[in-house]
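I wanted to get my bearings in this fold before reading anything else about it. Here is my notebook, in the order I looked things up.

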Amino acid sequence: SEQPTVPAEPAEPAQDPVVPRRSPLRAAIKTGRPKEWIKNVFVFAGLLFSGKFTEGHAIAEATITFVAFCLISSAGYFVNDLIDVELDRKHPKKRFRPLAAGELSERTAMVIAPVLAAIAIAIAFAAVNWEVGLMAVGYGVAQMAYSLGLKQIVIIDVMTLAGLFILRVAAGASAVDAHASEWLLLCTGML
């Protein structure tokens with residue numbers, strides 16, 4: 001005695017996940033990618049390896065440098081998303097980024113990016129020292145170059161990213177008046 005077979009119901013087309021709209025403030029924060037700020041912890045390498053991690057002034061200088069690098073890196077993410085907005089709209093995952101999804105206007109992003117960069121550079125120059133200020137400027141320029149095309153060039157893309165990590169370490173060492181050894185910089189670049 002065979003059991004009658006029930007025809008399978010046609011499969012429903014796959015639905016895109018429902019992503020709630022973010023407020024403009026939340027969209028701006030998301031675009032700045034604070035989850036990526038962990039990379040800026042490298043500015044504390046100079047503090048750690050110089051043995052100055054018990055000195056209040058050195059801790060303050062390294063922390064200010066960390067904040068400046070978080071702001072300048074966020075400015076770079078805004079610029080990157082502005083440049084790639086049309087490509088991101090066609091990408092299966094990147095289309096949910098706030099600019100690509102229309103949660104943050106391009107005009108707003110064009111205002112936020114230079115404001116973040118200006119604050120970062122001002123903090124680095126005024127609150128730390130001119131060397132950290134120049135490194136923050138260099139970091140911003142390298143990020144712009146990366147977004148404008150270096151990320152499309154094999155090997156140069158990876159070298160640029162390694163250089164950004166080296167800049168973080170060098171800036172942190174400069175902030176606490178420590179020497180970043182060649183070995184520290186080389187090992188950082190090899191990560």
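**Ground rules.** I am working with a predicted model, where local features need pLDDT of at least 70 and side-chain atom pairs count only at pLDDT 80 or more, while totals for chains, interfaces and linings use all residues. Residues are numbered from 1 along each chain as its sequence is written, and side-chain values use heavy atoms, with hydrogens and water left out.

**Salt bridges, overall.** I searched the whole structure and got 8 salt bridges. The cut-off is a side-chain nitrogen of Lys or Arg within 4 Å of a carboxyl oxygen of Asp or Glu.

**Asp81 and Arg33.** I looked at this pair next: the closest N and O atoms are 2.8 Å apart. Asp81 sits in helix H3 (residues 56-83), and Arg33 is in the loop between helix H1 (24-31) and helix H2 (45-49), so the bridge links parts of the chain 48 residues apart. Helices here are DSSP runs (H or I, at least four residues), numbered from the N terminus. Both Asp81 and Arg33 are buried; that means under 20% relative accessible area, with exposed over 50% and partly exposed in between (1.4 Å probe, protein chains only).

**Around Arg89.** I found Glu86 bridging to Arg89, closest N and O atoms 2.5 Å apart. Both lie in helix H4 (residues 85-90), 3 residues apart, about one turn of the helix. Arg89 also forms a salt bridge with Glu106, at 3.5 Å between the closest N and O atoms. That one reaches from H4 to helix H5 (residues 106-128), 17 residues apart. How exposed is Glu106? Glu106 is partly exposed, because its relative accessible area is 31%. Arg89 is partly exposed at 34%, and Glu86 is partly exposed at 45%.

**Helices H6 and H7.** I then checked H6 (residues 130-148) against H7 (residues 156-175): their axes come within 9 Å and cross at roughly 165°. Axes are lines fitted to C-alpha atoms over the stretch in contact, with angles from 0 to 180 degrees between N-to-C directions. So H6 is roughly antiparallel to H7, a label for angles over 145 degrees. In the contact (heavy atoms within 4.5 Å) I noted residues including Met135, Tyr139 and Tyr146 of H6 and Leu161, Leu164 and Arg168 of H7. The contact residues divide into 11 nonpolar, 4 polar and 3 charged. Nonpolar covers Ala, Val, Leu, Ile, Met, Phe, Trp, Tyr, Cys and Pro; charged covers Asp, Glu, Lys and Arg; the others, Gly among them, are polar.

Methods: Helices (H or I, at least four residues) and strands (E, at least two) are DSSP runs, numbered from the N terminus. Angles under 35 degrees count as roughly parallel, over 145 as roughly antiparallel, 65 to 115 as roughly perpendicular and the rest as oblique.
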